[in-house]
Amino acid sequence: MMEYFDSGAKGIKMHTGIQNFEPDDPELASIYSSCNERRIPVTFHCGETSRVHMNEFAEMSHIIPVVRKYKSIPFVLTHLASGDPETVIQIAEECPNVILDTSIALTGECCIHRIHDLFWEDDRNTYELIRKIGAERFAFGSDYPFGNPASDIAGIRNLGLSESETEKILGLNTYRLYFENKFLNKKTAAYED
């Protein structure tokens, strides 16, 4: 597998709910260990963002044990780790190796029936949560064609965050993660590489 990364691959996407496997399957240990050693980002599709529930494999209770075990892997958790605000705060506090992807769960159009809209559609809630956790822990995602990138970008720009915070969310965090192999350590406020 490492030959793909030697040839330029930047990360791994695990869509456990669609691919139908347990995130902490022992058969994956060698992949996680290699990613942990080289700090290769792993992205997980997370949870029941839109009341579409195929199985339990993408639920946070199945993903978090992997995130906790492999502390040097930068994990990108899509749909704001299922979008439940309490879960978002808990994961951000417990797992400094997590970046929260905004796809579908944050701002933008209600393109599908999402389960946490009442919280995220209030820009004050979104603003306060991003400020509490830190903009360096969020990364823009659209999940196109299910989401609308233009609407989501406009929504993020209109939150009232600083230009620096907005820039981080809309691309700088992702660039640093995939092209510089850097991830901001919130405790030291310095990018690790």
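Modeller: We will take cysteines, a histidine and a strand in turn. This is a predicted model: local features need pLDDT of at least 70, side-chain atom pairs count only at pLDDT 80 or more, and totals for chains, interfaces and linings use all residues. Residues are numbered from 1 along each chain as its sequence is written, and side-chain values use heavy atoms, with hydrogens and water left out.

Colleague: How many disulfides does the structure hold?

Modeller: A disulfide is a covalent bond between the sulfur atoms of two cysteines. The cut-off here is a pair of cysteine sulfur atoms within 2.5 Å. The structure holds zero.

Colleague: Is C46 buried or exposed?

Modeller: Buried means under 20% relative accessible area, exposed over 50%, partly exposed in between (1.4 Å probe, protein chains only). C46 is buried because its relative accessibility is 0%. C95 is buried too, at 2%.

Colleague: Where is H62 placed?

Modeller: H62 sits in helix α4, residues 60-69. Helices (H or I, at least four residues) and strands (E, at least two) are DSSP runs, numbered from the N terminus. H62 counts as buried because its relative accessible area is 18%.

Colleague: Which residues is H62 in contact with, beyond four places in sequence?

Modeller: Contact means heavy atoms within 4.5 Å. The partners are E22, P23, D24, E56 and F57.

Colleague: Which way do the side chains of strand β4 point?

Modeller: In a regular strand the side chains alternate between the two faces of the sheet. In β4 (residues 98-101), V98 and L100 point one way, I99 and D101 the other. All are buried.
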